[in-house]
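Thanks for coming. I will go through one model today, starting with charged pairs and ending with a pair of helices.

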Amino acid sequence: MQRVKLDDIDRRILHDLQENGRTTNVELAKNAGISAPPCLRRVRALEESGFIEGYHAQLNSESLGFKVTVFAMVGLHSQAEPDLNAFEEKVREWPMVRECYMLAGDSDFILKVVAKDWDSYQQFLTHELTAAPNVEHVKTSLGIRVSKHLPGVPVELEGQDGGER
């Protein structure tokens, strides 16, 4: 089933799942004002049409021993499409890199890197990142603290002006 246009019920379901991926179908249905069977059909349709890409647990990095977050701005020698693709493929091999965005501007990519400590990040930087083919320069910024972390997108609900909840 392919759904293209989202209605208010779909938006409520997406909003609630994004807020809490463990919510039950019964709770989703109640919040959306429909019964459980059609709610489940809508969730499946949202999954199949690509609006829902997956479900994930949000882990506490510090509790797991990852005390350092670094943002690395990477410049490449060449921005030819095969070279960009090769770099992105290389990034997928590095577990410490949690996010990668291609940029327009002074840098070609920004990477969010998590490490157990500063030494392990430096090891990654010198043996993996700067040693990777086509990497011209890397500028890093150390994350001090997180004041906001909202994965996903702001899903507009009926009566909202596009702001966050």
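**Salt bridges, a patch and a helix pair**

The side chains of R12 and D16 meet in a salt bridge, with 3.1 Å from N to O. By salt bridge I mean a side-chain nitrogen of Lys or Arg within 4 Å of a carboxyl oxygen of Asp or Glu. Before I go on, this is a predicted model, where local features need pLDDT of at least 70 and side-chain atom pairs count only at pLDDT 80 or more, while totals for chains, interfaces and linings use all residues. Residues are numbered from 1 along each chain as its sequence is written, and side-chain values use heavy atoms, with hydrogens and water left out.

Back to R12 and D16. Both sit in helix α1, 4 residues apart, which is about one turn of the helix. Helices here are DSSP runs of H or I with at least four residues, strands are runs of E with at least two, and both are numbered from the N terminus. R12 is partly exposed at 21% relative accessibility, whereas D16 is buried at 10%. The cut-offs are under 20% relative accessible area for buried, over 50% for exposed, and partly exposed in between, with a 1.4 Å probe and protein chains only.

How many salt bridges does this rule give? The count comes to 7. Another of them joins D7 to R42, with the closest N and O atoms 2.9 Å apart. D7 lies in the segment before α1 (8-19) and R42 in helix α3 (residues 36-48), so this pair ties together parts that are 35 residues apart in sequence. D7 is partly exposed at 29% relative accessibility, and R42 is buried at 17%. D10 joins D7 and R42 in a network of salt bridges.

E93 and K90 form a salt bridge as well, their closest N and O atoms being 3.3 Å apart. K90 is partly exposed, at 27% relative accessibility.

Now the surface. W118, L142 and I144 make a nonpolar patch of about 350 Å². Patch residues have over 30% relative accessible area and no salt bridge; like charges are joined within 9 Å, and nonpolar side chains (Val, Leu, Ile, Met, Phe, Trp, Tyr) within 5 Å. Areas come from the Shrake-Rupley method with a 1.4 Å probe, and for residues only the protein chains shown count as cover. L142 belongs to strand β4 (residues 135-142) and is partly exposed, with a relative accessible area of 46%.

Last, the helix pair. α1 packs with helix α2 (residues 25-32) at an angle of about 135°, their axes 9 Å apart. Axes are lines fitted to C-alpha atoms, for helices over the stretch in contact, and angles run from 0 to 180 degrees between N-to-C directions.
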